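Keep the sequence and the 3D view open while reading.

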Amino acid sequence: MAAETRQKPESISISPLLKRLAYPASEVAVEATEIASAFALIFEDRLSDIQTAALLTLLHSTQLDKDAEVIAKCSYRMRDAAFQTDKAALTQAIQSRGKHEGNYKGGLCDIVGTGGDSHSTFNISTTASILASPLLVMAKHGNRAQTSFSGSADVLNAISPVPPKISAVSAENLSQVYTASNYAFLFAPNFHYGMKYSDTVRRSLGLRTIFNLMGPLANPVDWAIEARVVGVAYQALGPVFVEALRQNGVKKGLVVCGAEDLDEISCAGKTNCWRLSETPNPDFKESNQEDDDEDIVPRTIAKQEEFQLEPADFGLQSYPLSEVYGGKMPKENAAKLMSILRNELPRDDPILSFVLMNVAALLVTSGICESETSNMGPGDDGQVITERGPGGGRWKEGVRRARWAIESGSALKSLENFIEVSNKL
């Protein structure tokens, strides 16, 4: 009822900013902070539809929507405007999961793509997030389909016989979810309530705007995310996204783009990778680091590197994208997801291989594959694969662990735990 009687706040005009964006040669250059401040007005419902449309269109035409600083600052404003979770309670719930191994400290992880690559492959990142959850604490941020037939929320809602109740998971009860499950799906509309004020404009414009690029960087519990994999839809976005991640303080991140302009690690050939990895800061000294010192030197920093991956680096066969086509309705994709979790597919199934290498990439990025021992549980032979591939990653060890998650039934159990707790909320 409160939403129905809510009085719309007074609109604020950003005409001077729009003019400077439209005529850059005659005015002072627009700063990323100014653009981000305008986006904050959208989330507060204080910008008219006409000015919102003008802002999105001008950013698109000037290519400022592909600027790393603009993306970073706008996604920060989007997270800041979201419903906030009690940090102490969530931290305690995450720590209670006890998922520390190798260089993985037990924090939340996410795997997500920008969409818009026009390949309509299977729901790789959603499936990968579930497969990783027996080993990592997952906070999968997602929404309904924007550029495909079956988005992450659509496929989860189509799980039979009882789907998770993703509409019930909120900022208020998220810590409760993690007391019962390693996995949580953060349905974007439940957290980013201010996004609804731009929905009509975005649909009417009919073009991909900066919102499509902000989404992968707008996880509402970003402050608790330890590691993430982000797929981008074309090669030029790779360096942009890894820089945006770095500006947002990310120290464990992998940005990937298949050679076919695919926002996943490709099962068909090479994938270009841009990685941030946590490394000791050479300027850090234990002495003279006071808690109230604003000039504290961080203990670790993000090291950036670029390399390529291909299926052979994971110990897997290559398959053409035509064999992993997922342009089906959610019910069909959900059935395939469950067949993977139930270990019903042959070990060399093309879609299974496609999923495994993306799970492995997240496991490597988290640092868990750096463990010299392995005690995952029943079905684990304990034989760590120490072979390193491009970028120094133990990609084959990532696949070994991902296969265990399926074959031991642990990934299926993890999803069932989430289904149970979400339906009790």
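A salt bridge is counted here when a side-chain nitrogen of Lys or Arg lies within 4 Å of a carboxyl oxygen of Asp or Glu. The side chains of Asp222 and Arg79 meet that rule, with N to O at 3.8 Å. The model is predicted.

## Two domains

The chain is split into domain 1 (15-81) and domain 2 (96-280 + 299-424). Taken over C-alpha atoms, the centres of the two domains are 29 Å apart.

## The interface

How is the size of an interface often given? The usual figure is the accessible area lost when the parts come together. For domain 1 and domain 2, the buried area is about 2300 Å². Carbon and sulfur atoms account for 73% of it. On the domain 1 side, 25 residues are in contact, and they meet 27 residues of domain 2.

How many salt bridges does the rule find across the interface of domain 1 and domain 2? There is one. Polar contacts between the domains come to four residue pairs, with both residues at pLDDT 80 or more. Three helices each supply at least two residues to the side of domain 1 that touches domain 2: helix 3 (32-43), helix 4 (49-62) and helix 5 (68-80). Helix 5 gives the most, with nine residues.

## Salt bridges

Side chains of opposite charge can pair when their charged atoms come close. The structure as a whole holds 22 salt bridges. One of them joins Lys73 and Glu69, whose closest N and O atoms are 3.1 Å apart. Why are these two about one helical turn apart? Lys73 and Glu69 are four residues apart in helix 5, so about one helical turn separates them.

Look next at strand 1 (residues 108-113) and strand 4 (residues 225-231). They pair in the parallel sense over six bridges. Leu108 has Ile225 of strand 4 as its bridge partner.

## Backbone exceptions

Most residues other than glycine have a negative phi, and most peptide bonds are trans.

Pro161 sits in the loop between helix 8 (152-157) and helix 9 (174-178). Gln63 is in the loop between helix 4 and helix 5. Those two helices also supply residues to the side of domain 1 that touches domain 2.

Terms used: Residues are numbered from 1 along each chain as its sequence is written. This is a predicted model: local features need pLDDT of at least 70, side-chain atom pairs count only at pLDDT 80 or more; totals for chains, interfaces and linings use all residues. Side-chain values use heavy atoms; hydrogens and water are left out. Two strands pair if DSSP finds at least two bridges between them. Domain bounds come from an automatic or database domain assignment. Contact means heavy atoms within 4.5 Å. Buried area is the accessible area (1.4 Å probe) that two parts lose on being put together, summed over both. A polar contact is a pair of N or O atoms within 3.5 Å; within protein, one must be able to donate a hydrogen and the other to accept it, and residues adjacent in sequence count only if both atoms are side-chain atoms.
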